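Me: I would like to learn how to read a structural model step by step. Could you guide me through one?

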Amino acid sequence: MYAIALKMLMGDRGKYLGIIMGLTFASLLITQQSSIFTGLMTRTYGTISDLSLPDIWVMDHKVQFIDDLKPLQDTELYRIRSVKGVEWAVPLYKGLLKARLDNGNFQICNVLGLDDATLIGGPPMMIEGSLSDLRRQDSIIVNDVGANTRLARPPKEPGGKRIPLKVGDVLEINDRRAVVVGICRVSRTFQSQPVIFTTYTRATSFAPRERKLLSFILVKAAAGEDLNALCDRIRKGTGLAAYTAQQFKDLTYNFYMKNTGIPINFGIAVALGFLVGTAIAGQTFYNFTLENLRYFGTLKAMGASNGMLLRMIVLQALVVGAIGYGMGVGGASLFGFLLGGTELSFRLTKEILYLSAAAIIIIIVLSALISIRRVMKLEPAIVFKS
Amino acid sequence: MRNSGLAVYCNGVIKTYTTGQTKVMALRGIDLDVRTGELLMLVGPSGCGKTTLISVVAGILDHDEGDCLVFDKDMRAMGQRKKTLYRGSTIGFVFQAYNLLPTLSVLENVTVPLLINGESRGMAEKKAHDVLEQVGLGDKVRSLPSQLSGGQQQRVAIARALVHNPRLIVCDEPTSALDADTGRMVMEVLRGTALSSDRALIIVTHDNRIFNFADRIARMDDGRITVIESQVAH
């Protein structure tokens, strides 16, 4: 009877495709929008992810997220180094500075100044040059996306392609000379600005004059040290905020979740996908059942039990659900793959796959329940009505 | 065994439909016997209770009062599951609108009652093929119902009603959608293949062109059987 159930379903091509399209649309929209949302939120703490070496980030206690810069006095670094359980502590400058391009335009860049001695906090992947080249005079390392897009030089002829920034090129950052000595790859930032690495001293010389310029202190805990306990000791001993890398990511993530319209906007898109998918698939599946009521009645009259009909409908719902889910997730993956090298943030995690699967299961259960109720209440005497 | 030898025994069967405050008595005390090996026609004007009576006999409607036994079994007294199983194994149906599943082939349509009764697919297809040969449609097994004429579709429906060897076949207006020649041919197939010494046929019709195929004709009016006529079938 299961084969017959499938033939009943697939034989009505129009409705079959309608149900599949509804579920595919729902699955695609839920998966795609959730992946873009996750990608975007991941970008908010991309810098923290890239700086994997330090265990603890120390900052002003009023900092709410990674880009909320409230600089410290340089002397704070020595206080942190004196806290028991700290293996080492290095300064990190982080700031938004203007780079002047060849055409006279300015581009805001995300500048990271690394500890002069150790260069801790450098980019996770070098494409050209090496991190130690930062020891050369006026040197900077630029991320590849920034070099190829916003920092690229104007084309030689009108309408031509822009010329990517390359090693040896010179920029002006806040009227100071900066020589590109390397190209690196980093996680994209939330605002998609070019990322520039240099030494702490050079970064603070690029930055406008301020009394305090130390953005963060990166801390490595001594071997066997409990990170939470060390954070507590730093907080109590210095009055500064101290977070493990994961806590700082969560702080940043939660700030964007609570204080921006991003989750609401994406939530609405996901909810719309769910509602429209439910409406299309549910309505079409119900219509399919309605049009087949006479045949379900015939099966009932011929001795098919309610349980058998229920299993047939559940099978039909499962098949369209599985196909719709697969096509939707496949479509979203293809979307992510094709736009992988662009500005689009897209991160498809297994949690999103579970979320999308759960949504499709809810849709098909709702659709099937309405249909099942109708078939269960069906009087087989319907077959004698012409 | 009070009704031994009878396919159907009805005594004082009453059925009332209730819609809101309105009550309509569809059957007002039906007394009827149908013997095995017999083709009985139920005839009468629209609304006289023919369809209600065969629905009660086939166990898809419960009557309110009286007795209705099918091969000595009171289906009203059975639980829903047992009644469904009994109906599936004992009764075959032929409908006015054929009710063939449009997306299944002729062969698949005929296998349905066997599959419902738990037959394996291979065995069901073999039996369905044999019955389709009997009704003259051995060359149409792969066709869809929509590719067949009305008469051919009704022969498929007859094959479907016969394939699981039921002891009672209930037909609802089997020829009313067919022209006279096709209707006669369908009745010939029905009499020739469905009727046997251990099986009974009940046909509801108001098509007087096929009355001569009946062994007996029970005329109904206003929920009662007014007269039962015996005749020699052609």
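This is a predicted model: local features need pLDDT of at least 70, side-chain atom pairs count only at pLDDT 80 or more; totals for chains, interfaces and linings use all residues.

Me: How many helices and strands does chain A have?

Reply: Chain A holds 12 helices and 10 strands. Its radius of gyration is 29 Å, well over the 21 Å that the globule rule gives for 386 residues, so chain A is more spread out than a compact globule. Taken along the principal axes, the C-alpha atoms of chain A fill a box of roughly 95 × 60 × 30 Å. Of its 386 residues, 41% count as buried.

Me: What do the corresponding values show for chain B?

Reply: Chain B has six helices and 10 strands. The globule rule gives 17 Å for its 234 residues, and the radius of gyration is close to that at 17 Å, so chain B is as compact as a globular protein of that length. The C-alpha trace of chain B spans about 50 × 40 × 40 Å along its principal axes. Buried residues make up 48% of chain B.

Me: How should I read a sheet, and which strands of chain B stand at the edges?

Reply: In chain B, an open sheet of four strands has the order β2-β1-β4-β5, with antiparallel pairing. β2 (22-35) and β5 (73-74) of chain B are at the edges with a single partner strand each, so one side of each is left without a neighbour in the sheet. Strand β1 (residues 6-19) of chain B is joined to β2(B) by 11 bridges, and the two run antiparallel. Within this pair, B:Y17 stands opposite B:V24 in β2(B).

Me: Where do the side chains of a strand point?

Reply: In a regular strand, side chains alternate between the two faces of the sheet. β6(B) pairs in the parallel sense with strand β7 (residues 168-172) of chain B, over four bridges. There, B:G92 stands opposite B:I169 in β7(B).

Me: Is strand β8 of chain A enclosed or left open, and which strands pair with β8(A)?

Reply: Four of the five residues of strand β8 (residues 195-199) of chain A are buried, so this strand is largely enclosed by the rest of the structure. Strand β3 (residues 106-114) of chain A pairs with β8(A) in the parallel sense over five bridges, and A:N110 has A:V195 as its bridge partner in β8(A). Strand β5 (residues 139-143) of chain A pairs with β8(A) in the antiparallel sense over two bridges. Here A:V142 has A:I196 as its bridge partner in β8(A).

Me: How many residues does helix α12 of chain A have, and what covers its buried residues?

Reply: For a helix, one compares its reach with the expected length. Helix α12 (residues 350-376) of chain A has 27 residues and reaches 37 Å from its first C-alpha to its last, close to the 39 Å expected at 1.5 Å a residue. Its buried residues include A:I352, A:I360, A:I364 and A:V375. Their cover includes α2, α9 (262-291), α10 (293-301) and α11 (306-338) of chain A.

Me: Which residues have the most contacts inside the largest nonpolar core?

Reply: That core has 120 residues, and those with the most contacts inside it include B:V8, B:V57 and B:I202. Its largest share, 12 residues, comes from helix α2 (residues 13-44) of chain A. Apart from this core lies another, of 58 residues, among them A:L51 and A:Y200.

Me: Finally, how many residues does each chain give to the contact?

Reply: The contact takes 26 residues from chain B and 19 residues from chain A. On the side of chain B that touches chain A, the largest share, six residues, comes from α2(B). By class, that side has 13 nonpolar, nine polar and four charged residues.

Notes. Residues are numbered from 1 along each chain as its sequence is written. Chains are lettered from A and ligands numbered from 1 in the order in which they are written. Two residues are in contact if their C-beta atoms, placed from the backbone, lie within 7 Å. Ala, Val, Leu, Ile, Met, Phe, Trp, Tyr, Cys and Pro count as nonpolar, Asp, Glu, Lys and Arg as charged, and the others, Gly among them, as polar. A nonpolar core is a set of buried Ala, Val, Leu, Ile, Met, Phe, Trp, Tyr and Cys residues joined through C-beta atoms within 7 Å. A residue is buried if 20 or more other C-beta atoms lie within 10 Å of its own, exposed if 12 or fewer, and partly exposed in between; C-beta atoms are placed from the backbone. The expected span of a helix is 1.5 Å times one less than its number of residues. Two strands pair if DSSP finds at least two bridges between them. The radius of gyration is taken over C-alpha atoms; the globule rule is 2.2 Å times the number of residues to the power 0.38.
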